[in-house]
Amino acid sequence: MSWKQVAGRGTWLGAAVAALVLLAGLGVAALLLLRGAVPESAMRPLVWIVAGAACFCGGRAAVRKGGDGALPRALAVSACVYGAMWLAALTGEGEVQFAQGGTALTCAVWGGGLLAGLVGVRRRKKKPADRRRRSGERRKRAVT
């Protein structure tokens, strides 16, 4: 499978879905933190959960939209999300500290994509061929 087949419309749709889920999840987590429903110590695991869920949802969207290769499509979405996270971290004003939860965040992002790719595609059942009556054939009637 070539890179052009993997990076099709389904992958970009999956990356967009993952970005939307990630932004919405982080927004809800920030609101929960501001309201006092979540302590500050639980914020880091909440970010990991949101990142994993975003990659899973985006990977599933890419797998459903695309044709062949469920795992490469889902992992391509994770690569897009991971790259966007690194770009956001490097363009920020603060110093990047990977040692404080960076490994767990990496595992969450790639684990969500891996899980979405391993779940795979559910094959649809083929519909039976439509049997039309020929001219001259009569319809079967129920016997009561």
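This is a predicted model: local features need pLDDT of at least 70, side-chain atom pairs count only at pLDDT 80 or more; totals for chains, interfaces and linings use all residues.
**Exercise 1. Get the overall layout**

Task: Work out how many helices and strands the protein chain has, and in what order the elements run.

Solution: Start by counting elements: the protein chain has five helices and zero strands. Reading from the N terminus gives α-α-α-α-α. Next, look at burial: 29% of the 144 residues count as buried. Finally, check the contacts between residues at least 6 apart in sequence: 77% of these join residues at least 24 apart.

**Exercise 2. H3 against H4**

Task: Find how the axes of H3 and H4 are oriented, and which residues meet.

Solution: First, locate the helices: H3 covers residues 43–65 and H4 covers residues 70–91. Their axes come within 8 Å and cross at roughly 135°. That angle makes H3 oblique to H4, and the crossing is right-handed.

Now for the side that H3 brings: Ala-51, Cys-55, Gly-58, Gly-59, Ala-62 and Val-63. On H4, they meet Ala-70, Arg-73, Ala-74, Val-77, Ser-78, Val-81 and Met-85. Sorted by class, this contact has nine nonpolar, three polar and one charged residues.

**Exercise 3. H4 against H5**

Task: Decide what the angle between H4 and H5 says about their relative direction, then sort their contact residues by class.

Solution: The angle here is about 155°, and the axes lie 7 Å apart. Since angles over 145 degrees count as roughly antiparallel, H4 is roughly antiparallel to H5. H4 passes H5 in a right-handed crossing.

Residues that H4 puts into the contact include Leu-71, Leu-75, Ala-79 and Tyr-82. From H5, the partners include Leu-105, Thr-106, Trp-110 and Leu-114. The class tally is 14 nonpolar, four polar and no charged residues.

**Exercise 4. H3 against H5**

Solution: H3 and H5 pack at about 30°, with axes 7 Å apart. An angle under 35 degrees counts as roughly parallel, so H3 and H5 are roughly parallel to each other. Their crossing is right-handed.

Among the H3 residues involved are Val-47, Trp-48, Phe-56 and Arg-60. Among those they meet in H5 are Ala-104, Ala-108, Leu-115 and Val-119. By class, the contact of H3 with H5 has 13 nonpolar, four polar and one charged residues.

**Exercise 5. Zoom in on Thr-106**

Task: Say whether Thr-106 is buried or exposed, and which residues it touches.

Solution: Thr-106 sits in H5, which spans residues 102–119. Its relative accessible area is 18%. The cut-off for buried is under 20%, so Thr-106 is buried.

Then list the partners. Setting aside neighbours within four places in sequence, Thr-106 is in contact with Tyr-82 and Phe-98. With Tyr-82 there's a polar contact too: the two side chains are joined at 3.0 Å. To tie this back to Exercise 3, Tyr-82 of H4 and Thr-106 of H5 both take part in the contact between those two helices.

Terms used
Residues are numbered from 1 along each chain as its sequence is written. Side-chain values use heavy atoms; hydrogens and water are left out. Axes are lines fitted to C-alpha atoms, for helices over the stretch in contact, and angles run from 0 to 180 degrees between N-to-C directions. Helices (H or I, at least four residues) and strands (E, at least two) are DSSP runs, numbered from the N terminus. Angles under 35 degrees count as roughly parallel, over 145 as roughly antiparallel, 65 to 115 as roughly perpendicular and the rest as oblique. A crossing is left-handed if the near helix is turned anticlockwise from the far one by less than a right angle, and right-handed if clockwise. Contact means heavy atoms within 4.5 Å. Ala, Val, Leu, Ile, Met, Phe, Trp, Tyr, Cys and Pro count as nonpolar, Asp, Glu, Lys and Arg as charged, and the others, Gly among them, as polar. Buried means under 20% relative accessible area, exposed over 50%, partly exposed in between (1.4 Å probe, protein chains only). A polar contact is a pair of N or O atoms within 3.5 Å; within protein, one must be able to donate a hydrogen and the other to accept it, and residues adjacent in sequence count only if both atoms are side-chain atoms.
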